[in-house]
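User: I would like to go through the terms applied to a model and see what each label rests on. Please set each value against its cut-off.

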Amino acid sequence: MKLSEIDPVCGMHVDPKRTPYKTVFKGKIYYFCSKICLRKFEENPEYYLEHGPVGMHE
Ligand SMILES: [Zn+2]
């Protein structure tokens, strides 16, 4: 098991054991640093998977 996952929205490293923010999309689990990133991903998952993290938090 990996020690950290990349938040697909902002590019931050996320500890999968500690973050409560995660979602399953097409059979894969994605982890997020915050509720904001999770919500952004759920609004448009294909965009983030195609383009990758789009930068840091505003
Ligand atoms: Zn994030």
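The questions and answers below take the labels one by one.

Analyst: Before that, the ground rules. This is a predicted model, in which local features need pLDDT of at least 70, side-chain atom pairs count only at pLDDT 80 or more, and totals for chains, interfaces and linings use all residues. Residues are numbered from 1 along each chain as its sequence is written.

User: How do you know what confidence the protein carries?

Analyst: From pLDDT, the predictor's confidence in each residue, from 0 to 100. Its mean over the protein is 90, and 90% of the residues reach 70 or more. Confidence is lowest in α2, at a mean of 93, and highest in β3, at 97. Where pLDDT is low, the predicted coordinates should not be read in detail.

User: Where is Met12, and which residues is it in contact with beyond its neighbours within four places in sequence?

Analyst: Met12 sits in the loop between β1 (5-6) and β2 (13-14). Two residues are in contact if their C-beta atoms, placed from the backbone, lie within 7 Å. With neighbours within four places in sequence left aside, Met12 is in contact with Asp7 and Cys33. Met12 and Tyr31, 19 residues apart in sequence, are 9.9 Å apart from C-alpha to C-alpha.

User: What makes β3 and β4 a pair?

Analyst: Two strands pair if DSSP finds at least two bridges between them. β3 and β4 have four, in the antiparallel sense. One of the bridges joins Phe25 to Lys28 in β4. The two strands form a hairpin with two residues between them, and Lys26 in the turn has a positive phi of about 50°.

User: Which residues form the largest nonpolar core, and what is meant by that term?

Analyst: A nonpolar core is a set of buried Ala, Val, Leu, Ile, Met, Phe, Trp, Tyr and Cys residues joined through C-beta atoms within 7 Å. The largest one has ten residues: Val9, Cys10, Val14, Tyr30, Tyr31, Phe32, Cys37, Leu38, Phe41 and Tyr48. β4 (28-31) and α1 (35-43) each give two or more residues to this core, and α1 gives the most, with three. Tyr30 is in contact with Phe41 and, among others, with Pro8 and Phe25.

User: How do you know that the buried residues of α1 line one face of the helix?

Analyst: The buried residues of α1 are Cys37, Leu38 and Phe41. Seen down the axis of α1, they fall within an arc of 100° (taken from the directions from the helix axis to the C-beta atoms), so they line one face. On the other side of α1, Lys35 and Glu43 are exposed. The buried residues of α1 pack against β3 (22-25), β4 and α2 (45-51).

How values were computed: Buried ≥ 20, exposed ≤ 12 C-beta atoms within 10 Å, placed from the backbone.
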